[in-house]
Amino acid sequence: MNWKTILINFINGYNYFIIFYFLVLNIIYVIVLLLSIKGLYYYLKRSQYEGYSDLLSSSFLPGISILVPCYNEENTIVDNVKSLLHLEYNDTEIIVINDGSTDQSLEHLKEEFNLHEIDRVYKKQIETQAINDIYLSATIPNLVVIDKENGGKADALNAGVNIAEYDLVTAIDADSILETDSLLKVVIPFIENPKEVVATGGIVRIANNSKVDRGFMEEPKLPKADLPRFQVVEYLRAFLTSRVGWGEINSLLIVSGAFGVFKKDIVAQVGGYTAKTIGEDMELIIKIHRYLREEEQDYQIPLVSDATCWTQGPSDFKSFVGQRKRWQRGLMDSIINHWKLLFNPNYGTVGMFAFPYYVIFEMFGPLLEFLGYCSIGAAYFLGILNPSFVLIFFLLAVLYGVFISTSAIGVEAYAEQRYDSILDYIRLFLYGVLENFGYRQLNTIIRAFSLIGYTPGSNEWGTIDKGKFDNDNSDVEL
């Protein structure tokens, strides 16, 4: 048997493997989608009877410390703090942690909020880099600013946890804006089930070119550029047709670092955010799952589908690639750190379903898919391309991707309705189709090469040019 025959047999075998891979993946997508629809249906039905105004004055409403890690966020940090001051929530403290920024972030905060240095006694439950100064605003009593040595985002968050006064803490990215009632909505599960709920998360949406006034999301609009528009579709799919579903079986492995709420004592018990990783959000959730299942404690980590956080998505190619590389490396850090969960029945649905899914389809999946595209090209040049295989591959890999993306947009249009214009939803449906013809493949290639070039232990913030929040309400036609 010569090398060409061996190569042809290998390519044919791999092509059949890829068909099986996509078939299994799509079956999982359907199951998770159905779980998401079920969860959204019951949540919307229940939320019709929620008296949010009554909750604001309720004695059961817990205090919450809002942690805002900041590293070189001079363009957005002031708007972000202002948006937090508009939240419909009575008992909060806002803690901005300046993690050794090299730009004017701290100076902007000092100037805008009239900060003065204070001595504050706190218990250091989690080890962090040295804190240089702690500031209090002379005009806003519940605003605290920490200036510390650079240690990465996780280290900054741990410093905030140490200083936080309240039993609940929430981590909100400095380039993000919450809707005014989002914090109240995401805390409701803690009120309804205070013994078991240990963490919750909200939905993150792309804010590029939306109208923002004094840190408040005044009018959501679709981004003007193609790249952020594709991200709008991607975020809707990730949250509304995926994470909601995993939350329904208490197997949610990622609460976005842009908007999550945690019991402070649980965070301290698991050692806080892991410093030697850039995927601190996923790492913390997995540590909580692992710790509580090993302790055989009943707990819940739900996703609240209408608690919304708006964030600036990367608008240039370089920043986009950098973001996706960090996401993939963070995912791999968490999987390697907690490898013992894989198919381990002691960890319930997390060990038997969610963790294997992330290992097989999120960590190794991009490489397998990329090699699938390569095998099709090789089969074509060798003259052995099977038209039936190409058709099946196209149906499973592309058309099904269109179905999932447009399903997410349909759920958004029915359940959430953040955009007022019908034209916006028509555009979203169009981008939900188009993303499967280039954008998805680009993501696959970036993540595949991130897997190949992976090195563990990074805790660098990285930089993404996201720009300022836009007060321009204009938009462009397709």
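A polar contact here is a pair of N or O atoms within 3.5 Å; within protein, one must be able to donate a hydrogen and the other to accept it, and residues adjacent in sequence count only if both atoms are side-chain atoms. By that rule, 8 residue pairs are in polar contact across the interface of domain 1 and domain 2 (both residues at pLDDT 80 or more). The model is predicted, with local features needing pLDDT of at least 70, side-chain atom pairs counting only at pLDDT 80 or more, and totals for chains, interfaces and linings using all residues. Residues are numbered from 1 along each chain as its sequence is written, and side-chain values use heavy atoms, with hydrogens and water left out.

On to the domains themselves. Domain 1 takes in 1-49 + 176-469 and domain 2 takes in 52-174, with bounds from an automatic or database domain assignment. Their centres, taken over C-alpha atoms, sit 28 Å apart. The contact (heavy atoms within 4.5 Å) draws 40 residues from domain 1 and 46 residues from domain 2. About 3,700 Å² is buried between the two, and carbon and sulfur atoms give 66% of that; buried area is the accessible area (1.4 Å probe) that two parts lose on being put together, summed over both.

As for charges, the count between the domains is 1 salt bridge, meaning a side-chain nitrogen of Lys or Arg within 4 Å of a carboxyl oxygen of Asp or Glu. K153 forms a salt bridge with E280, and their closest N and O atoms are 3.4 Å apart.

UniProt, in an unreviewed entry, puts "transmembrane region" at residues 16-37 and 380-403; such annotations may be inferred rather than shown by experiment. Residues 16-37 are 100% helix and 0% strand (helices, H or I, at least four residues, and strands, E, at least two, are DSSP runs), with end C-alpha atoms 32 Å apart.
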